[in-house]
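Please open the structure in your viewer and keep the selection tool at hand. The stops below say what to select next and what is found there.

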Amino acid sequence: MPGTDQQTATSDRAKDHALLCKAVREAGALALTYYKADAKHWEKSKGDPVSEADLAVNALLAERLQEARPGYGWLSEETEDDARRLTRSRVWVIDPIDGTRAFIKGKPHFTICGALVEEGRPILGAVFNPAMDEFFEAVSGGGARLNGAPIQVSACDVIDGCRMAAFGPMFKHPAWREPWPEMEIVDRNSVAYRLALVACGQADAAMALNRKNDWDIAAADLLIHEAGGKITDHQGAPLIYNREDTKHRSFIAAGPALYQAIIARTDNITLP
């Protein structure tokens, strides 16, 4: 019966959401035990730091989520990629600590990120900043929340004077057709945190013109959509997850009106 099938799917999604939120909260508590405690850290490659906390949090999330849902795929920044995820309709997409550089420096701008992706799009998402006790979460079709309260993107519709969560020097690049107006730049190391701030209206927009991975943005992508905003690449193409190549060339995120104003400036840019 169609109605029964729909009820079962809704029940399963609610259970997955509760599982994800519980695991991410637990992971945040674990991360705090390493925070400002001289956690060991090193570089996986030049400019790509990792800490013992990243690995511990990754192990905890893998244990909680993979053991509970063995039929789901797994994609995490700190786990060697397993191509079997491409054969699964549902995949956990995890960043154990997004903003490791901030974490290492003792700045409260890091997040634990988890999403459940189904057929290329996030259907559940959680972004937790444990240092600030900010827990963002969303369910596809069910809205987005911060610490249990509904959130929405800001109504800002002009770039001039907006709060832009991005890398400030990008706007001074000579490739732009015309200079960008003055903006308040919100600088946060965690990409997911920048997007979460847009979702709750603390920032008006976020953008990046360098490559990001699925785990950087999948959970926050859902936050933006469920809070009434838009997020695409810089030319308006949707972001699709759990592909063979997990990298995205760019993103633009904002409320609908401001998004259109930003895209009008970025859609002619050619990126490698």
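Begin with the lining of the largest pocket: select strand S1 (41-45), strand S2 (48-51), strand S4 (90-98), helix H3 (100-105), helix H4 (191-199), strand S13 (212-213) and helix H5 (214-226), each of which supplies at least two residues to it. Helices (H or I, at least four residues) and strands (E, at least two) are DSSP runs, numbered from the N terminus. A pocket is found on a 1 Å grid over the protein atoms alone, as an open set of points where a 1.4 Å probe fits, with protein on both sides within 12 Å along at least five of seven lines; lining residues have an atom within 4 Å of a point.

The model is a predicted one, in which local features need pLDDT of at least 70 and side-chain atom pairs count only at pLDDT 80 or more, while totals for chains, interfaces and linings use all residues. Residues are numbered from 1 along each chain as its sequence is written, and side-chain values use heavy atoms, with hydrogens and water left out.

**The largest pocket**

Next, select Gly 47, Asp 48, Glu 77, Asp 98 and Asp 216, which lie nearest the centre of this pocket among its 26 lining residues. The space inside is about 600 Å³, where a volume is the space filled by probe spheres set on the grid points, joined across faces, edges and corners. Colour the lining by class: five residues are nonpolar, seven polar and 14 charged. Here Ala, Val, Leu, Ile, Met, Phe, Trp, Tyr, Cys and Pro count as nonpolar, Asp, Glu, Lys and Arg as charged, and the others, Gly among them, as polar.

**The second largest pocket**

The second largest pocket has a volume of about 330 Å³. Select Phe 167, Asp 187, Arg 188, Asn 189 and Arg 194, the closest to its centre of the 17 residues that line it. H3 and strand S12 (205-208) each supply at least two lining residues here, and H3 gives the most, with three. The lining has seven nonpolar, three polar and seven charged residues.

**A pair of strands**

Now select strand S3 (residues 73-76), where Gly 73 and Leu 75 point one way and Trp 74 and Ser 76 the other, and all are buried. Buried means under 20% relative accessible area, exposed over 50%, and partly exposed in between (1.4 Å probe, protein chains only). S3 runs parallel to S4, to which four bridges join it; two strands pair if DSSP finds at least two bridges between them. Trp 74 stands opposite Trp 92 in S4.

**The cysteines**

How many disulfides are there? The count is zero, a disulfide being a pair of cysteine sulfur atoms within 2.5 Å. Select Cys 156: the nearest cysteine sulfur, that of Cys 162, is 5.4 Å away. Cys 156 is partly exposed, at 21% relative accessible area. The sulfur of Cys 200 is 14 Å from the closest cysteine sulfur, in Cys 113, and therefore too far for a bond. Cys 200 counts as buried, with 17% relative accessibility.

**Two loop residues**

Select Asp 133, in the loop between strand S6 (121-129) and strand S7 (134-139). Its phi is near 50°, a positive value in a residue other than glycine. Then select Asn 242, in the loop between strand S14 (230-232) and strand S15 (247-248); its phi, near 60°, is also positive. Asn 242 counts as buried, at 12% relative accessibility.

**The whole chain**

Buried residues make up 53% of its 272 residues.
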